[in-house]
Amino acid sequence: MSDTPTPPAADADPQPTAPAADAEFAVDQSSVAAPEERLANSEPVEPEPKPVAGDMEAVAEVSEPEGVEPEPVAEVAEVVEPAAPEPVAEQPASHAVPMPSPAMFAARPKPAATPAAPALPRSDSARFGRVGEDGTVYVTGAEGERAVGSYPGATADEALQYFARKYDELFATADLLHQRAVVPEVASKDLADGLKAVREHAAGANVVGDLAALDALLTSIETEVAAKREAETQARQQAKAEAMTVREALVVEAERIAAQPPERVQWKSSGEAMRALLDQWKDQQRGRVRLDKEAEAALWQRFSRARNSFDKARRAHFADLEATRSSARAAKERLVKEAEALAASKDWAATAGAFKRLMDQWRQAGRASRSEDDALWERFKAAQDSFFAAKDAVVAAEDAEFRANLEVKLGLLAEAERLLPITNLDAAKAALRTIQDKWEHAGKVPRADIDRTEKGLRRIEGAIRDAEEKKWRRTNPEVASRAHSLATQLEASVEKLEKQLAAAESAGNTKQVADLTAKLAAQRSWLEQARGGLAEFSG
């Protein structure tokens, strides 16, 4: 198949003459241009080169064999038929339409002339080629000249410019790829695919231009693609390392939650945390970064084991909790029945103690479910409140009766306070016995005043009892004998030490003098304490 471009036809059939028409319907033939005139006024359209067999994407131009001329393409002459008159509807006589005339056709607007296409710019790449005498176009490269094709029917300059512009298009494509190579958003794979296509297009391309510059540009693009591929590889590795760190942190946190002692686990918050970790894991999986299959599988196994361990412990905990709640519910139902049975009792003291014991058992029974526990507590508290409300009503009535007794005991307490300090033990004991007799006959006082009145009398009784014990210790013969014996022994020891100290001083024995002086000081201190004890007995 030939890649030689087909030039426009040089000759065309003459414009056929339009059929004769009536003078009234004649068409101005000056507005219809002949085909030769239209071709002369229009810009030559560059024919599309045909691809070489076996390389459908190549743009190389290949010459026809010598002696074979391309067949001219005849252009069909444009024939302008006279416009048929438009049918005119019949009008009334008063609105008659004038018949068309040549003047009317001449006054019709003529179509605007089509502007000529702009001339193609000249390519400087033509300086790298030449045209042989036979019309063959050559390109000069590092390996010498190479034929690239021919352009029959065109001048040497037009043929050279044609192949030079094809080089410019190829170089512009490579330069655009070079500009895209510096854009961070463009992937190296897209650039590599584009570079491969351009190289295949440039390999043996039938163009005229600086082939060395084109090859250098493609080499530069290849270097940039390699650098971008390396940068992308490093970025992927870094992203993988960061994703691996995030996954590892999720696994470690899941293992920490699963390793908590069951008795210290906050199951609600820990369960929410474990679900949040799973959501984060899914988000990581949906991300653009993909981990190595083996590494991700190993992390997932750890993560899955931690979740399964936590879930197993949670189910076991709530199973035990349900059993415990069942036991607690049964125990509290029994306590509620006992409390309701005691609610109407009038044995205030014994029943109050029974309710206290029931309350202790309630605390030890554990917790049922919240709804059941609350319902049982309401019943227990209602029975308890019913009993103590009745008891408090009775106590209030008794308190009103006991207020007169309180006034009597407060008077007796003031009389007992006047016995202190004790100056005459026998008289104080006799007065206290009288006060105690009156205290017993005074009767009960209001419950709120029992403690303060009883403690006041006990304090007076304790003071008199202490005075009596102190007097007994002073008059005890056995204790007095031991005190006299101790004082006598200490006096003899002090007298002996004084003699030894005087002898040591006369002998000038300083060490013995120091020892004896210390012993003598201790003995004299003990002697003073013993004599003080004897003074108490003599008093």
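Mentor: Two strands pair if DSSP finds at least two bridges between them. Keep that in mind, and remember that this is a predicted model.

Trainee: In which sense do S2 and S3 pair, and over how many bridges?

Mentor: S2 and S3 run antiparallel, with six bridges between them. Gly141 stands opposite Gly144 in S3. The two strands form a hairpin, and two residues lie between them.

Trainee: How many bridges join S1 to S2?

Mentor: Three bridges join strand S1 (residues 129–131) to strand S2 (residues 136–141), again antiparallel. Find Gly129, then look across to its bridge partner in S2, Val139. The hairpin of S1 and S2 has four residues between the strands, and in it Gly135 takes a positive phi near 90 degrees.

Trainee: What should I know about side chains along a strand?

Mentor: In a regular strand the side chains alternate between the two faces of the sheet.

Trainee: Now helices. What span should helix H6 have?

Mentor: Count 1.5 Å a residue. Helix H6 (residues 267–286) has 20 residues and should span 28 Å; its end C-alpha atoms are 29 Å apart, which agrees.

Trainee: Which residues of H6 are buried?

Mentor: Buried means under 20% relative accessible area. In H6 the buried residues are Trp267, Ser270, Gly271, Met274, Leu277, Leu278 and Trp281. Look down the axis of H6: these buried residues fall within an arc of 115 degrees, so they line one face of the helix. Lys268, Arg275 and Arg286 are exposed on the other side. The cover over the buried residues of H6 includes H5 and helix H7 (293–342).

Trainee: What lies over the face of Trp281?

Mentor: Arg247 does, at 4.7 Å from the ring centre. Elsewhere, Arg130 lies over the face of Tyr138, at 4.5 Å from the ring centre.

Trainee: How does H4 read, by the steps for a helix?

Mentor: Start with span. Helix H4 (residues 188–202) has 15 residues and reaches 20 Å from first C-alpha to last, close to the expected 21 Å. Next, burial. Ser188, Leu191, Leu195 and Val198 are buried in H4. Seen down the axis, the buried residues of H4 sit within an arc of 85 degrees, so they line one face. The face turned away from that buried side carries the exposed Lys189 and Lys196. Helix H3 (156–181) and helix H5 (211–258) are among what covers the buried residues of H4. Just after H4, Gly204 takes a positive phi of about 65 degrees.

Trainee: How many aromatic pairs does a search of the whole structure find?

Mentor: The search finds 15. Take Tyr151 and Tyr162: their ring centres are 5.3 Å apart and their planes are at 70 degrees, so the pair is edge-to-face. Tyr151 lies in the loop between strand S3 (144–150) and H3, while Tyr162 is in helix H3, so the pair ties together parts eleven residues apart in sequence.

Trainee: Is Tyr151 buried or exposed?

Mentor: Tyr151 counts as buried, at 13% relative accessibility. Tyr162 counts as buried too, at 0%. For a cluster, find Trp348, Phe355, Phe387 and Phe388, which ring pairs link.

Trainee: One more residue. Where is the place of Ile435?

Mentor: Ile435 is in helix H10 (residues 425–442). At 1% relative accessibility, Ile435 counts as buried. Now look beyond its neighbours within four places in sequence: Ile435 is in contact with Leu412, Glu415, Ala416, Leu419 and Leu457. Ile435 and Ala416 are 19 residues apart in sequence, and their C-alpha atoms are 7.1 Å apart in space.

Terms used:
Residues numbered from 1 in each chain as written. Predicted model: local features only at pLDDT ≥ 70, side-chain atom pairs only at ≥ 80, totals over all residues. Heavy atoms only, no water. Expected span 1.5 Å × (residues − 1). Buried < 20%, exposed > 50% of the residue type's maximum accessible area, 1.4 Å probe, protein only. Arc of directions from axis to C-beta. Contact = heavy atoms within 4.5 Å. Phe/Tyr/Trp six-rings, centres within 6.5 Å; stacked < 30°, edge-to-face > 60°. Lys NZ or Arg CZ within 6 Å of the ring centre and 35° of its normal.
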